[in-house]
Amino acid sequence: MQPIYILLLIAIYFCVLLLIAYFTGKDDSNESFFKANKKSPWYVVAFGMIGASLSGVTFISVPGWVQSSQFSYMQIVIGYLFGYLAIAYVLLPIYYNLKVTSIYEFLKHRFGETSHKTGAFFFFVSRVLGASFRLFLVASVLQYFIFDAWNVPFELTVILSILLIWIYTFKGGIKTIVWTDTLQTLFMLVAVFATISILLNKLNWSVADLISSEEFSNYSQIIFSEDFLDKKYFLKSFFGGMFIAIAMTGLDQDMMQKNLTCKNTKEAQWNVISLGFVLIIVNFVFLTLGALLFIYADKFGIQIPLVEGKAKTDLLFPEIALNGGLEISIGIIFILGLIAAAYSSADSALTSLTTSFCIDFLDIENKDKSEQKNIRKKTHIAISALLVIVIIVFKYVLEDNVISSLLQVASYTYGPLLGLFAFGIFTKIKINDQFVWLVAIISVVVTYFLNAYSKEIFEGYVFGYELLIVNGLITFAGLFLLKKQANNHNKLS
């Protein structure tokens, strides 16, 4: 597929997004930008969150991960469902009862200002890195298949990608995102099912032929329960997935901001629970696509693309879709799916980072009314610039599969949030709030040390995604050390 056609397709796609932004962004108020005026239908939010939860990382990186990890990712996804149940029945009632705009306001109510800022800081770092991971992936694909042919530098590709997001979110914010995410989720799901159909047709297989084939069985092992020391061991992945869902969705302003646009707690709960079940099905389909891609590549002699001499399985899907000798329709489907998946996550990240920074750090709600909108818009621009810088840095430092890197980083950055919220919800202990930031930082350092030297310390044990739980437990334990004494004159009765 010629680069000019790909670029034209992207331009048409963004024109559609801009049209949605025009109609949803007419009310250019902070109430609309931050909360969508609390009028979003739960089923629209739920459908749109599929795309936001999956993102371009799932669209490309999960299929590319099948070669090295088979279907072990499903162990994590099953854990997600139980995490979503905890979000629905523990966290959402708290957020709605407190009527928060930023979920980290809970920490202010429970502990104090330092805890509030600490929680918001760790979200900010987490989401900047997470959004940058996702956008780095899509920018890399656009660079490899389009802009390298025109000698356009990667840095300019990144700037253009962020600029497009900024254009259609700067007015409507979360109100626009709720509806653009719905459209983008639709495109993404159509793309993956259509790709599977086309590849099966080329192989002269039915779905039953694929599932029963020896080639598929070489990739499709789900449960890994033989070796407890293995990173992919079932219980590690299951509980890791459960707490990843709680942390990366329930304690994440990006994901919760959409839920908080629903009319009430019950509708938000329906949204989260339905999402948990749907993600099991959708992720299995993505892994099936991954197995099919490797089978197809092997049968037709398609090589995994090399970047600086290293095989990049993340690029196998685009390689087959765009250069695999298939009809142009699969190239169109792939590009629409990729852009939809990538931007459905990235646009909401930009909006939520703007929201959190304005509410949690700038205290925008207590500023003069005439200045609030101006502050929000300047923040939106500044965070856009920050994302550009981080994505460019990733080009020079990122070596692993993107989804593996994303979940690994989440284990460090979301751990303190997990510990803080768990301590606040499940205990009534008052703490010396001014030292919470120190506990959080020590927890990350200790977790990193344990992970780096786990084989030596624990006789060959390798941490998987349960590392997030360990990080949360260290933070939780550290908060006990900040317990106020009974005779402390600051103790609240």
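This is a predicted model: local features need pLDDT of at least 70, side-chain atom pairs count only at pLDDT 80 or more; totals for chains, interfaces and linings use all residues.
Residues are numbered from 1 along each chain as its sequence is written, and side-chain values use heavy atoms, leaving out hydrogens and water.

View 1. Helix H2 (residues 30-35) has the lowest confidence, at a mean of 59. Helix H18 (residues 415-426) has the highest, at 96. Helices are DSSP runs (H or I, at least four residues), numbered from the N terminus.

**View 2. The largest nonpolar core.** It has 140 residues. Phe-59, Tyr-95, Leu-199, Ile-320, Phe-334 and Phe-421 have the most contacts inside it. Helix H13 (residues 265-300) gives the most to this core, with 17 residues. A second, separate core of five residues includes Tyr-412, Tyr-461, Phe-463 and Leu-467. A nonpolar core is a set of buried Ala, Val, Leu, Ile, Met, Phe, Trp, Tyr and Cys residues joined through side-chain atoms within 4.5 Å; buried means under 20% relative accessible area, exposed over 50%, partly exposed in between (1.4 Å probe, protein chains only).

**View 3. Surroundings of Phe-334.** Neighbours within four places in sequence are left aside. Phe-334 is in contact (heavy atoms within 4.5 Å) with Phe-59, Ile-60, Val-141, Phe-317, Pro-318, Ala-321 and Leu-322.

**View 4. Leu-438 in helix H19.** This helix spans residues 436-452. Leu-438 counts as partly exposed because its relative accessibility is 36%.

Terms used
Helices (H or I, at least four residues) and strands (E, at least two) are DSSP runs, numbered from the N terminus. pLDDT is the predictor's confidence in each residue, from 0 to 100.
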